[in-house]
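User: Hi! I've got a protein model open and I'd like to work through it with you. Could we go step by step?

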Amino acid sequence: MNQNMFTSLQDVVDYINDYLKCPVTIEDGGHRLLAYSKHDIKTDPARIETIVTRQVPQKVIHRLWGNGIIQQLNESHEPIRIDSIDDVGLGNRIAISIRHQQEVLGYIWIIEFENVIRPEGLVFISEVREAVKTFLLQIREKQKEKVKGLQQFFLQLLNEHLPTEKEIENVSTMLNRKFPTKWNVVVFRFQEVIGKQIEKQLIYYFQSTHSVNVVFSFSRQEELIVFLNGEKCDDDVITGFIEETSSTISQRFSINVEAGIGQTYHRIEHVSKSYAEAVEVIRLKTMFQTELQDCYRYQSLGIYKYLDVIIEKKKHESSPPMPLVQLLEYDKKNQTELILSLEAFLTKDCNVNEAAKLLHIHPNTLTYRIKRIVEITKIDLRNPNEKLSLYLELKLLRYSG
């Protein structure tokens, strides 16, 4: 097949459509629509929504990942037949991935209605893939320069560089959107550096989400940093975005991830503060996994964001308060866990049943332990000031190791 016969991707999809008599779409590696052929009145909902939104619907992508179809496509050199998935509006299809070395550049999707593609048609699809690959490589090279410039700009923001009006204007042009007046930064922290292919898939995922307005995102070592337009971010929406993204990462790539988000800032030079706050959320969540399990926002950290300040204030004190010293000594001597029991009890706001669940013991056992703690230390757990002080001291002990 002579690739010079095509001047655009549209030429290619029309050529495939004429040969196979089936509707065709070409997508990039993030399932964004690049070109599509004509189709009869009869077609499936997934194709219609893809054409209207210029993006494969997320519900379809989730199902394809969940069924292992995308993974199979990304690893196979041959066309794959995909049976209809009616609940997401997907009809019978033939699909093939377009790859360069280990990178997935995109996909060709062909709908089978009345015309079933025969073996010679599958050979044709494999051959025409090379023509599509040529165009996708050209698109990739253009995008690489643009992404490189944007990444440099946002890295400078994290390093507290104040951009000029000209730099902001250039970035707005590259983003093809108005520069936001409010900013939030979300950080996703992985246990190890993620590969380029996973990074690319996640960035495509951010670009296709409609729940929040992602301005730009990139990875740096173990972090994936997401810059949000703060003009359209409320607490529930952002929390939903983080939870959904974390779940998607876990399901698709079997990777554990922690996430945090900084406060909203109006001035562009304060973006680095939002980033630092997001990182602090993750750091504290790692230390206080139970207490901060469902906390993602810096402003929701409460007393935990002041622990380092309090420790600085207390650094001249030689030891914890006497009640905690007594419990530590008692636990050491008797191989008990009274101090952990007290911490769980106070963490669960003195709810015996909830604290017992946290400790994996019977409520009666915890009731006995609390009674023993009071006998040893003479603390008054009905006094809110004393309870708060003990709670804070226990968290400071954990914070300081």
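Predicted model: local features only at pLDDT ≥ 70, side-chain atom pairs only at ≥ 80, totals over all residues.

User: How many helices and strands does the protein chain have?

Analyst: Both kinds of element turn up here. The count for the protein chain is nine strands and 15 helices.

User: What is the radius of gyration of the protein chain, and what would a compact globule have?

Analyst: With 401 residues, a compact globule would come out near 21 Å. The C-alpha atoms here fill a box of roughly 90 × 55 × 35 Å along the principal axes. For the protein chain itself, the radius of gyration is 28 Å.

User: What percentage of the contacts is between residues 24 or more positions apart?

Analyst: Here we take the contacts in the protein chain with a separation of 6 or more. Residues 24 or more positions apart account for a share of 61%.

User: Is T248 buried or exposed?

Analyst: T248 sits in helix α8, which covers residues 235-253. Leaving out residues up to four places away in sequence, T248 touches H62, Y205 and F253. Buried means under 20% relative accessible area. T248 has 4%, so the word for T248 is buried.

User: Which loop holds D349, and what is its phi?

Analyst: D349 lies in the loop between α12 (338-347) and α13 (352-359). It counts as exposed because its relative accessibility is 64%. Most residues other than glycine have a negative phi. D349 is not a glycine, yet its phi is positive, at about 55°.

User: Where is K378, and what is its phi?

Analyst: Look in the loop between α14 (363-377) and α15 (384-399) for K378. With a relative accessible area of 67%, K378 is exposed. K378 is a residue other than glycine with a positive phi, near 65°.

User: How many aromatic pairs are there in the whole structure, and are the rings of Y19 and F124 stacked or edge-to-face?

Analyst: A search of the whole structure gives 15 aromatic pairs. For Y19 and F124, the ring centres are 3.9 Å apart and the planes are at 15°. Planes under 30 degrees apart count as stacked, over 60 as edge-to-face. The angle of 15° therefore makes this pair stacked.

User: How many residues apart are Y19 and F124?

Analyst: Y19 is in helix α1 (residues 9-20), while F124 is in helix α5 (residues 119-158). Y19 is partly exposed at 46% relative accessible area, whereas F124 is buried at 5%. The pair links distant parts of the chain, and the separation is 105 residues.

User: How far apart are the ring centres of F218 and F227?

Analyst: F218 is buried, with 1% relative accessible area, and F227 is buried too, at 0%. Their planes are at 20°, so the pair is stacked. The distance between the ring centres is 6.1 Å.

Notes:
Residues numbered from 1 in each chain as written. Heavy atoms only, no water. Helix = DSSP H or I, 4+ residues; strand = E, 2+ residues; numbered from the N terminus. Rg over C-alpha atoms; globule rule 2.2 N^0.38 Å. Contact = heavy atoms within 4.5 Å. Buried < 20%, exposed > 50% of the residue type's maximum accessible area, 1.4 Å probe, protein only. Phe/Tyr/Trp six-rings, centres within 6.5 Å; stacked < 30°, edge-to-face > 60°.
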